[in-house]
Amino acid sequence: MSASPAPPASEARAALAAGVLCYLLWGFIPLVFQQMAHQGADAWEIMGHRALWGLVWALILVMLSRQWTQVMAVFRQPKVLGWLALSAVLIAANWTTYVMAVNNGRTLDASLGYYLNPLLNMAAGAWLFRERIDRFGVIAIVLAAVGVVLQAIALGHMPWVSLLLAFSFAGYGIIRKRVSVDAQTGLFMECLLLALPGLAWVVFIEATGQGHFTASPAATLWLLFAGPATVIPLALFAWAARRMPLSSMGFLQFLAPTIVFFIGAMQGEALGSLRIASFAFIWVGAAVFALGAVLKVRRASDTAETIVAPEPGLLDDPAEDRMDALGENPPPVR
């Protein structure tokens with residue numbers, strides 16, 4: 001194999017920025033759903049509007065990126081369409097569970113679910129994508145695992161909400177990383193698959209007087225906001241996930257549950273000494289991982305390393321992915 005240059009530093013920084021921003025947005029999104037609930041909307045009504053207005057915003061992204069050719073190519077590839085249908089089911093299950101949790105006084109359970117998810121991501125990265133985990137990563141995983149176990153013990157019962165959130169989003173991330181479809185195209189197809197049942201539900205509840213979309217200007221605006229609140233962080237996630245190792249994306253995700261954790265605590269949910277201890281373990285683990293990442297970057301900069309082969313977890317060049325989507329290249333063997 002001939003040596004190939006490392007990915008451009010500008011793209012690596014952009015991927016990191018996109019990953020951080022998507023998790024910050026996800027961290028504060030419980031406040032958005034709680035505002036919708038204050039307008040009278042339940043989880044199913046919120047889900048209907050997320051699917052409906054999410055399609056509109058996903059369509060805007062496709063138009064801005066001029067990816068209609070790729071969208072049409074997906075319709076000609078039943079296998080790709082099938083994988084995107086599965087990812088749509090997983091993200092719909094994740095959305096519904098999350099909205100129900102944060103609107104029913106279980107925000108800390110939702111936080112625990114997204115603390116579990118990075119551990120699943122790193123396990124998947126090592127197993128499916130052969131990503132390397134150094135000693136800093138191992139120490140960080142152990143510390144974070146202890147923190148997660150302490151949170152589960154503090155709950156006093158099997159954390160089904162947390163487990164469903166963790167496994168559904170981990171599965172979603174794996175599928176989106178594996179399918180050779182650009183971020184905007186894949187997101188549009190997922191929203192398209194969810195929009196029909198979403199529209200049907202919204203029309204039904206409005207026709208039967210159970211809906212709240214026209215109840216007040218505030219209700220209308222908040223439910224319309226479900227579109228950008230859904231699509232923008234997902235687009236950032238999908239774009240970053242295709243340009244970063246899955247393990248790195250996993251530890252960035254500690255940002256979101258930490259914000260959610262503080263939201264739940266500030267809203268008066270039960271917070272005992274075990275949960276405080278678990279929080280400390282998890283963030284010491286994140287600090288160890290961050291230290292390892294900084295040292296690795298400095299070593300690479302000092303020695304001007306080149307990568308013999310793409311780093312495990314980094315998928316093909318986006319341009320190559322676009323050719324795959326159009327059927328011009330055979331699927332890569334991984």
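Threonine 258 is found in helix α12, where helices (H or I, at least four residues) are DSSP runs numbered from the N terminus. Residues are numbered from 1 along each chain as its sequence is written, and side-chain values use heavy atoms, with hydrogens and water left out.

Is threonine 258 buried or exposed? Threonine 258 counts as buried because its relative accessibility is 10%; buried means under 20% relative accessible area, exposed over 50%, and partly exposed in between, with a 1.4 Å probe and protein chains only. Leaving aside residues up to four places away in sequence, threonine 258 touches Tyr115, Phe279 and Trp283, a contact being heavy atoms within 4.5 Å.

Let us turn to the helix itself. Helix α12 covers residues 255-266, and its 12 residues reach 17 Å from first C-alpha to last, close to the 16 Å expected; that expected span is 1.5 Å times one less than the number of residues. Its buried residues include Ala256, Ile259, Phe261 and Gly264. After α12 comes glycine 268, with a positive phi near 95 degrees.

Next, the cavities. A cavity is a set of points, on a 1 Å grid over the protein atoms alone, where a 1.4 Å probe fits but cannot get out, and lining residues have an atom within 4 Å of a point. There are 2 cavities of 30 Å³ or more. Which helices supply at least two residues each to its lining? They are α1, α4 (78-102) and α12. Of the 16 lining residues, Trp26, Ile29, Asn94, Tyr98 and Tyr114 lie nearest the centre of the largest cavity.

Helix α1 (residues 9-38) also holds glutamate 11. Glutamate 11 is partly exposed, because its relative accessible area is 30%.

Finally, confidence. The mean pLDDT of the protein is 80, and 83% of residues reach 70 or more; pLDDT is the predictor's confidence in each residue, from 0 to 100. Over residues 304-334 the pLDDT is below 50, and this stretch has 62 contacts in the model beyond near neighbours in sequence. Where pLDDT is low, the predicted coordinates should not be read in detail.

Key:
1 Å grid on protein atoms, 1.4 Å probe; cavity = no way out; pocket = protein on both sides within 12 Å on 5 of 7 lines; lining within 4 Å. Points joined across faces, edges and corners; volume = space filled by probe spheres on them.
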